[in-house]
Amino acid sequence: MDAKTPARDAIQVLAEAYCDAVHFAKDDVFKDMCHDKFLMTEVSADGTAQFWDKSAYLARVAGRDAFPGAPSCEILSIDVAGGQMARVHLWVDVPPRRYEDYLGFVRVDGAWKLMTKVFRTMNGP
């Protein structure tokens with residue numbers, strides 16, 4: 001992981017908020033966190049890909065119930081480049097599945113925005 005910097009700390013906070021919002025189905029968090037041109041890509045085991053834009057992603061999150069208890073997740077790495085872009089590698093449980101996510105953030109007008117999410121489904125928790 002990167003050395004402690006204000007940018008890295010800001011991305012850490014966003015990654016934790018992301019995991020919390022996934023667990024508790026908080027689409028309002030993603031409305032603010034995601035850039036208007038956000039794109040999510042699922043890579044299947046067979047190599048095919050599916051794509052969702054911001055509105056489709058928000059609908060997916062809003063369409064399910066929150067899970068009980070504390071979120072189950074782990075932030076594996078955070079890389080910040082030039083204070084303007086960052087990548088987060090994490091996993092988060094959405095029972096009965098575990099998702100491995102690569103999140104791409106960009107700094108736009110002074111604010112960090114989630115621009116891309118590339119993920120795969122792993123074995124469940």
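Asp109 is placed in the loop between S5 and S6, strands being DSSP runs (E, at least two residues) and helices likewise (H or I, at least four), numbered from the N terminus. The model is predicted, so local features need pLDDT of at least 70 and side-chain atom pairs count only at pLDDT 80 or more, while totals for chains, interfaces and linings use all residues. Residues are numbered from 1 along each chain as its sequence is written, and side-chain values use heavy atoms, with hydrogens and water left out.

Phi of Asp109 is near 50°, a positive value in a residue other than glycine. With 81% relative accessibility, Asp109 counts as exposed (over 50% relative accessible area; buried is under 20%, and partly exposed lies in between, with a 1.4 Å probe and protein chains only). A positive phi, about 55°, is also found at Ala25, which is not a glycine. Ala25 belongs to the loop between H1 and helix H2 (27-33) and, at 13% relative accessibility, counts as buried.

The strands S5 and S6 belong to an open sheet of six strands, ordered S2-S1-S6-S5-S4-S3, with mixed pairing; two strands pair if DSSP finds at least two bridges between them. Strand S2 (49-53) and strand S3 (73-81) stand at the edges with a single partner strand each, so one side of each lacks a neighbour in the sheet. From one strand to the next, the twist averages 15°. The pairing of S3 with strand S4 (residues 85-94) is antiparallel and runs over eight bridges. Within it, Cys73 stands opposite Val92 in S4.

Helix H1 (residues 6-23) packs on the sheet and touches S3, S4, strand S5 (97-108) and strand S6 (111-122), contact meaning heavy atoms within 4.5 Å. The direction of H1 makes about 145° with that of S3; axes are lines fitted to C-alpha atoms, for helices over the stretch in contact, and angles run from 0 to 180 degrees between N-to-C directions.

In the loop between S4 and S5 lies Pro96. The peptide bond joining Pro95 and Pro96 is cis, with omega about 15°.

Tyr102 is placed in strand S5 and counts as partly exposed at 34% relative accessibility. Together with Val43 and Val118, Tyr102 makes a nonpolar surface patch of about 220 Å². Patches consist of residues with over 30% relative accessible area and no salt bridge, nonpolar side chains (Val, Leu, Ile, Met, Phe, Trp, Tyr) being joined within 5 Å and like charges within 9 Å. Accessible areas come from the Shrake-Rupley method with a 1.4 Å probe, and for residues only the protein chains shown count as cover. A salt bridge is a side-chain nitrogen of Lys or Arg within 4 Å of a carboxyl oxygen of Asp or Glu.
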